[in-house]
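The structure under discussion is shown below.

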Amino acid sequence: SKILLLNADPAPEEWNYTDGYLATLSRALEKKAEVSTLKITQAQGNEIRSAVLAADKTVFAFPLCMDTLPPQLVQFFLQSEKLAGRAYGLISTDVLEYGHTDFAEPQLRLACENRGMDYACTMKIGGATRLADSYYKVYLNMKLKKFCRNILSDKDANVGVQIPVGKSNFF
């Protein structure tokens, strides 16, 4: 099957953690599928739409922008009438709890379903920058691989990961 990893992170490369998540996901998926990656800020709408239509599955990966989808991704959906395939979300936030992604997930699901895509599941990452730059990275990669298995097996189960915060460490 063909899988498109669509990076909708608007951040400059030096602050872009989504690239790292997608690199890990790509390495795991490449063993069983044909994988391509596209950065939404470096492509035109027609190029993105063609890539989504050519893929069997698309992972929309982005950090929260004010608890919602990034503007470039919203613009892509507004300009796309009909899409196809199975859709997945990989949503991250710098807030420690991944629960903040609960606002963006239904927006992504609705945008995909309104354009004809079958929305499957979401990977929610809380404390994104801290997870990526700490010893919790092993834990993060374990959850990314679980998300990868869900994609490959068409399992509709969300995956969540956040930095464990004990009550004594909180405020």
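Helix α1 (residues 18–29) and helix α6 (residues 137–152) pack at an angle of about 50°, with their axes 9 Å apart. The two helices are therefore oblique to each other; angles under 35 degrees count as roughly parallel, over 145 as roughly antiparallel, 65 to 115 as roughly perpendicular, and the rest as oblique. Axes here are lines fitted to C-alpha atoms, for helices over the stretch in contact, and angles run from 0 to 180 degrees between N-to-C directions. Helices (H or I, at least four residues) and strands (E, at least two) are DSSP runs, numbered from the N terminus.

The model is predicted; local features need pLDDT of at least 70, side-chain atom pairs count only at pLDDT 80 or more, and totals for chains, interfaces and linings use all residues. Residues are numbered from 1 along each chain as its sequence is written, and side-chain values use heavy atoms, with hydrogens and water left out.

On the α1 side, Y21, T24, L25, A28 and L29 take part, and they meet L140, N141, L144, F147, C148, I151 and L152 of α6. Contact means heavy atoms within 4.5 Å. The residues of this contact divide into 10 nonpolar, two polar and no charged. In this division Ala, Val, Leu, Ile, Met, Phe, Trp, Tyr, Cys and Pro count as nonpolar, Asp, Glu, Lys and Arg as charged, and the others, Gly among them, as polar.

Accessibility is classed as buried (under 20% relative accessible area), exposed (over 50%) or partly exposed (in between), with a 1.4 Å probe and protein chains only.

| Residue | Relative accessible area | Class |
|---|---|---|
| L140 | 2% | buried |
| C148 | 4% | buried |
| L152 | 29% | partly exposed |
| Q107 | 32% | partly exposed |
| D154 | 40% | partly exposed |

L140 lies in α6, and its C-alpha atom is 9.4 Å from that of G160, 20 residues apart in sequence. L152 is also found in α6. Leaving aside neighbours within four places in sequence, L152 is in contact with I3, L29, K32, A33 and K57. The C-alpha atoms of L152 and L29 are separated by 7.5 Å, although the two residues are 123 apart along the chain.

D154 lies in the loop between α6 and β6 (159–161). Most residues other than glycine have a negative phi. D154 is not a glycine, yet has a positive phi of about 60°.

Q107 belongs to helix α4 (residues 104–114). Not counting residues up to four places away in sequence, Q107 touches T68 and L69. Between Q107 and L69, 38 residues apart along the chain, the C-alpha separation is 7.6 Å.

How many disulfides does a search of the whole structure find? The search finds zero, a disulfide being a pair of cysteine sulfur atoms within 2.5 Å. For C65, the nearest cysteine sulfur is that of C112, 16 Å away. For C148, the nearest is that of C121, 11 Å away.
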